[in-house]
Amino acid sequence: MRTSANPAPESVLVVDDEPSLRAIMSFIVQRTGAIPVQAPDAATARQLAAKHSFACALIDKNLPGENGLDFLKWLRSVQPGCNALIVTAYGNVDSAVEALRLGAFDYLLKPFEVDALAHRIKLALEQYRMRQERERMQAMLIQADRLASLGLLAAGVVHEVNTPLAYILSNLDWLDEELPALRKGLERQGPEQRALAERLETVESTLRDIREGAERVRHIARDVKAFARDPGDASMLVDLREVLEAALKMALVHIRYRARVVRDYQEVPMVMANEPRLAQVFLNLVVNAAQAIPEDGAEHEIRVRLWTGPNGEACAEVGDTGLGIPPENMANLFEPFFTTKSEGEGTGLGLFICKSILESFGGTITVDSRPGEGTTFRLTLPPHASASRAVSPLEPVSAAVS
């Protein structure tokens, strides 16, 4: 179930062999805000239920062919979340007990009052929505637990990688010192020694490549550690450029082949914040920007900016040239559980969490979007009072991500 500003109405299956009663019950369903789907018998109802999900079902107990209770039993097996109401003119205690035993939500006798049936339908729909929301929350808790476990695993892996990596780099430092001295000694000797010196020069070049690879591993380990660190860590002075660059690296798999990254880094003050939490904010915004870009073959961009605001605040911006956000969704973007992504692709919590994190550090986040042109998120954070160090100004950079 997706939560949005205008959630789609639920469908209610109406199964009755009398056309007039089907029409009346469908009218009552419409009054509750749901969409009625009619079936004159159990066979037709089975075909409908095999193709569509229903929040609720109104089932006549006495149907031609398969009776209502047998259909109820089948419906509960294929759609256990559907709340079924048995409606009958020939009810008794035994059939009512049997209906409830089979999982019926309620049991009503004909003739019924319109308001009474509408009330029962509303209760059934409300319980369906609550159950869907509970299942949604449980799935999110499971996902959160998986992410927490992944964070612990990542922190452990980084720790294990750093130890042999430090050993490798220290030995490379030693080789960097020894090899040039050996090569100079050999160059002063005969032809054979000079040939060995040339070979040593090739070895030095290879070692430089090895060092470059080892340094890249160290940087990756540092970035992973920043994301995996316990979010309860105390605040510290944070360089927004370093955090933003780490987020871009982590999101590379989403950006590659979709867009090029255009950087515009100007002077920006250090801020007092929690580095992993800010990394989470930037990563979410960069991934959202990548996912908003269609794979239409056009040249798209993800633009990231840093600058100092008029009152000395640190400002950041993440923009894209993607599809943009429809105007009717703009007011709900930062609400919890609001998502415009398809089922299973978004929890609707990303932007809500981003806003909460920034506000906890005294910051703000705003959004500007034009359908078909793209979206830009702007962040501000108060500068730390004693933060005299600023990010060095850079010329605007346009770089293709590969």
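Across the whole structure, a search finds 17 salt bridges, a salt bridge being a side-chain nitrogen of Lys or Arg within 4 Å of a carboxyl oxygen of Asp or Glu. The model is a predicted one, in which local features need pLDDT of at least 70 and side-chain atom pairs count only at pLDDT 80 or more, while totals for chains, interfaces and linings use all residues. Residues are numbered from 1 along each chain as its sequence is written, and side-chain values use heavy atoms, with hydrogens and water left out.

One of these bridges pairs Asp106 with Arg120 at 2.8 Å, N to O. It links distant parts of the chain, with Asp106 in strand E5 (residues 106-109) and Arg120 in helix H5 (residues 114-187), 14 residues apart; helices (H or I, at least four residues) and strands (E, at least two) are DSSP runs, numbered from the N terminus. Asp106 is buried at 17% relative accessible area, whereas Arg120 is partly exposed at 28%; buried means under 20%, exposed over 50% and partly exposed in between (1.4 Å probe, protein chains only).

Glu301 belongs to strand E9, and 41 residues separate the two partners. Here Arg260 is partly exposed, with a relative accessible area of 33%, and Glu301 is buried, at 16%. Salt bridges with shared partners also join Asp264, Arg305, Glu317 and Arg378 into one network.

In helix H7 (residues 240-250), the buried residues include Leu240, Val243 and Leu244.
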